[in-house]
Amino acid sequence: MPANKSLLVLPGDGIGPEVMREAKRVIDWMGKKRAVRFELEEDLCGGCAIDAHGMPITDDTVKKAQQVDAVLLGAVGGPKWDNLPFDQKPERGLLRLRKEMDLFANLRPAVCFPALADASSLKRELVEGLDIMIVRELTGGVYFGTPRGIETLPDGQRRGINTQVYTTNEIRRVASVAFELARKRRNKVTSCEKANVMESGVLWREEVQKLHDEQYKDVELQHMYADNAAMQLVRNPKQFDVIVTDNLFGDILSDEAAMLTGSLGMLPSASLGAPDATGKRKALYEPVHGSAPDIAGQNAANPIATILSFAMALRYTFDMPDEADLVEKAAKEVLDKGLRTGDIMQKGAAKVSTTVMGDSLLMALSKLAG
Ligand code: IPM
Ligand code: MG
């Protein structure tokens, strides 16, 4: 059996370890039932790393993350670490990983499971069958631009500064990920910025258009101001296929799209770097939800987003699309059966724990695999 598939598992804080425990059972299952072996290593990131090492991620962990095929992360942060200085917070661990692994393309699918359509805050007919892919630029823009900081002015006022900045290459590489994805989907890309007020937005629009005209003429391209996109997402979300946008707009639009689907607890994400000479990309997979400190340690969290994040790893890192389909089908099956964790609870459904959700998903997997 080839033992060449390596994963670094970073469960993190809050519900992170609980949801990761269930994902690890799925990874084990895959290893046993399919002719693959996943080599798992586990480490700390976030508040747990602050407690153990005094920093949200160590150099050693970052190095490991660079060497494995993929990183699978649970969630980071919690009230215990809320009052730390900005640059020592748990979130910095995650931001450092994104930046140092150069994971510039963040894929956030917003898919509405039919069984959950009524849990959406929009009407069923608007969201049933929804399948959007948001591609968010993840290592540039106002999150990392300089100058940044808070300074005191001569008159005693303070001034906070962040810089929105993008280069041609940063725009082109993320846009090309969006075009490639669209070709495998419904062949449409909507690019969002604020070219009406921001120069970086003008550049974004021009570069995306140029790349399209040079290499992706077969894909339908639409430009949309980000505020209009926010509005269109709640007006008629099914008009979108792939949305590509910058770091900050992507942060916001992806949360909005996530909520359309009925639950944040269901949504995975992938963060990818540039392909190397062999076509392999550095990658980090994580659920879109946070560490949910209010329900941590209660065996109540929904493990599906983390399990679906592993499914994305199967698809985008390990080139195992059939196995990815299998995991996604198993998730759909447990929902169709009426099993619900608290976050997606509906009238008439059966409320189950994190562990029981995991058990049921494994059972569905075994049944589907025959
Ligand atoms: C996300 C989160 C992060 C972000 C935080 C935790 C730094 O909101 O992944 O969307 O803003 O990128
Ligand atoms: Mg966010």
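The following legends describe close-up views of a predicted model.

**Close-up 1. Packing of helix α11 against helix α12.** Helix α11 spans residues 321-336 and helix α12 spans residues 354-369; their axes come within 8 Å and cross at roughly 120 degrees. On the α11 side, the contact is formed by L326, V327, K329, A330, A331, E333 and V334. Classified by residue type, the contact of α11 with α12 comprises 11 nonpolar, 1 polar and 3 charged residues.

**Close-up 2. Packing of helix α1 against helix α12.** The axis of helix α1 (residues 16-33) comes within 9 Å of that of α12, and the two cross at roughly 20 degrees. Since angles under 35 degrees count as roughly parallel, α1 is roughly parallel to α12. The crossing of α1 with α12 is right-handed. Helix α1 contributes E18, R21, E22, R25, V26, W29 and K33 to the contact. These residues meet T354, T355, G358, D359, L361, L362, L365, S366 and A369 of α12. By class, 6 nonpolar, 4 polar and 6 charged residues make up the contact of α1 with α12.

Close-up 3. Residue H223 is located in strand β9, which covers residues 220-225. With a relative accessible area of 23%, H223 lies between the limits of 20% and 50% and is therefore partly exposed. Apart from its neighbours within four places in sequence, H223 is in contact with S191, E193, R205, V208 and Q209. Residue K194 is 29 residues from H223 in sequence, and their C-alpha atoms are 10.0 Å apart in space.

**Close-up 4. The cysteines C112 and C192.** Residue C112 has a relative accessibility of 4% and counts as buried. Residue C192 likewise counts as buried, at 1% relative accessibility. Both assignments follow because buried means under 20% relative accessible area. A search of the whole structure finds 0 disulfides.

**Close-up 5. The cis peptide bond between T146 and P147.** Most peptide bonds are trans. The bond joining T146 and P147 is cis, with omega about 0 degrees. Residue P147 lies in the loop between β5 (131-137) and β6 (149-152).

Close-up 6. Most residues other than glycine have a negative phi. Residue N187 has a positive phi, near 65 degrees. The loop that holds N187 runs between α6 (168-183) and β8 (188-193). At 25% relative accessibility, N187 counts as partly exposed. A positive phi is also found at A292, where the value is near 40 degrees. Residue A292 belongs to the loop between β12 (281-287) and α10 (304-316). Its relative accessibility is 23%, so A292 counts as partly exposed.

Technical notes:
Residues are numbered from 1 along each chain as its sequence is written. Chains are lettered from A and ligands numbered from 1 in the order in which they are written. This is a predicted model: local features need pLDDT of at least 70, side-chain atom pairs count only at pLDDT 80 or more; totals for chains, interfaces and linings use all residues. Side-chain values use heavy atoms; hydrogens and water are left out. Axes are lines fitted to C-alpha atoms, for helices over the stretch in contact, and angles run from 0 to 180 degrees between N-to-C directions. Helices (H or I, at least four residues) and strands (E, at least two) are DSSP runs, numbered from the N terminus. Contact means heavy atoms within 4.5 Å. Ala, Val, Leu, Ile, Met, Phe, Trp, Tyr, Cys and Pro count as nonpolar, Asp, Glu, Lys and Arg as charged, and the others, Gly among them, as polar. A disulfide is a pair of cysteine sulfur atoms within 2.5 Å. Buried means under 20% relative accessible area, exposed over 50%, partly exposed in between (1.4 Å probe, protein chains only). Angles under 35 degrees count as roughly parallel, over 145 as roughly antiparallel, 65 to 115 as roughly perpendicular and the rest as oblique. A crossing is left-handed if the near helix is turned anticlockwise from the far one by less than a right angle, and right-handed if clockwise.
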